Amino acid sequence: MLKNKIFLGLLLLCGLFAACEKKKDYDSDTQLEIDKAIIEKYVVDSAIKDLTILPSGLRYRILAAGEGAAPKSSDSIQVYYSGRILAAKTQFDNVPVERPVTLKLDALMQGWQIALPLIAKGGQIRMIIPSPLAYKDFQGSSIPPNSILDYTVTLVNIK
């Protein structure tokens with residue numbers, strides 16, 4: 001009887017240690033290489049043309065350049081946009097033309113911080129953002145970890 005209790009205790013202790021396994025550290029360089037391959041396949045399969053590729057892995061196409069000065073990282077910007085996970089049919093986020101939002105550029109994901117200064121007021125840009133420049137391995141309510149994001153953003157105003 002005592003042997004059974006000791007055995008059961010050890011078994012529970014082993015289960016406890018197994019459940020407390022440390023999460024692997026996020027490796028942005030490795031994930032970026034994985035994302036680049038996925039993006040390249042998507043772009044080729046979808047016959048998407050005229051995307052510029054930055055060393056960071058971000059791809060973009062300026063749909064309209066806009067006029068005037070581009071936003072600086074310290075600026076607040078007023079935008080409307082649609083966002084989806086790459087190759088997904090449905091949007092996970094949408095801000096309609098009728099209700100643009102004001103956001104602080106330096107508080108946004110790194111992909112937006114890189115791409116939005118490439119356009120000016122009235123400009124529009126499509127960005128394919130690898131996960132290390134987006135939400136990385138964060139698990140959101142509608143965005144799985146390591147998601148590559150596809151945004152089309154119109155810059156309404158710079159404040």
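**A loop and its chain**

User: Where does Ser147 sit?
Analyst: This is a predicted model. In it, Ser147 lies in the loop between β6 (124-129) and β7 (149-158).

User: Is Ser147 buried or exposed?
Analyst: Ser147 is buried. Its relative accessibility is 9%, and the cut-off for buried is under 20%.

User: What does the side chain of Ser147 reach?
Analyst: The backbone oxygen of Pro144, at 2.6 Å.

User: And which residues does Ser147 touch, leaving out those up to four places away in sequence?
Analyst: Ile85, Ile129, Ser131, Ala134 and Lys136.

User: Now Gln139. Where is that one found?
Analyst: Gln139 is in the loop between β6 and β7.

User: Buried or exposed, for Gln139?
Analyst: Gln139 has a relative accessible area of 52%. Exposed means over 50%, so Gln139 counts as exposed.

User: What does Gln139 touch, with residues up to four places away not counted?
Analyst: Pro144 and Pro145. Pro144 is also the residue whose backbone oxygen the Ser147 side chain reaches.

User: Switching to the whole chain. How many helices and strands?
Analyst: Three helices and seven strands. Along the sequence the pattern reads α-α-β-β-β-β-β-α-β-β.

User: What share of the residues is buried?
Analyst: 33% of the 159 residues.

User: And what about contacts between residues at least 6 apart in sequence?
Analyst: Of those, 67% join residues at least 24 apart.

User: Last one. What is the accessible surface of the protein chain?
Analyst: About 9800 Å², with 58% belonging to carbon and sulfur atoms.

Key. Residues numbered from 1 in each chain as written. Predicted model: local features only at pLDDT ≥ 70, side-chain atom pairs only at ≥ 80, totals over all residues. Heavy atoms only, no water. Helix = DSSP H or I, 4+ residues; strand = E, 2+ residues; numbered from the N terminus. Buried < 20%, exposed > 50% of the residue type's maximum accessible area, 1.4 Å probe, protein only. Polar contact = N/O pair within 3.5 Å; in protein donor to acceptor, adjacent residues only side chain to side chain. Contact = heavy atoms within 4.5 Å. Areas by Shrake-Rupley, 256 points an atom, 1.4 Å probe, with all protein chains shown as cover.
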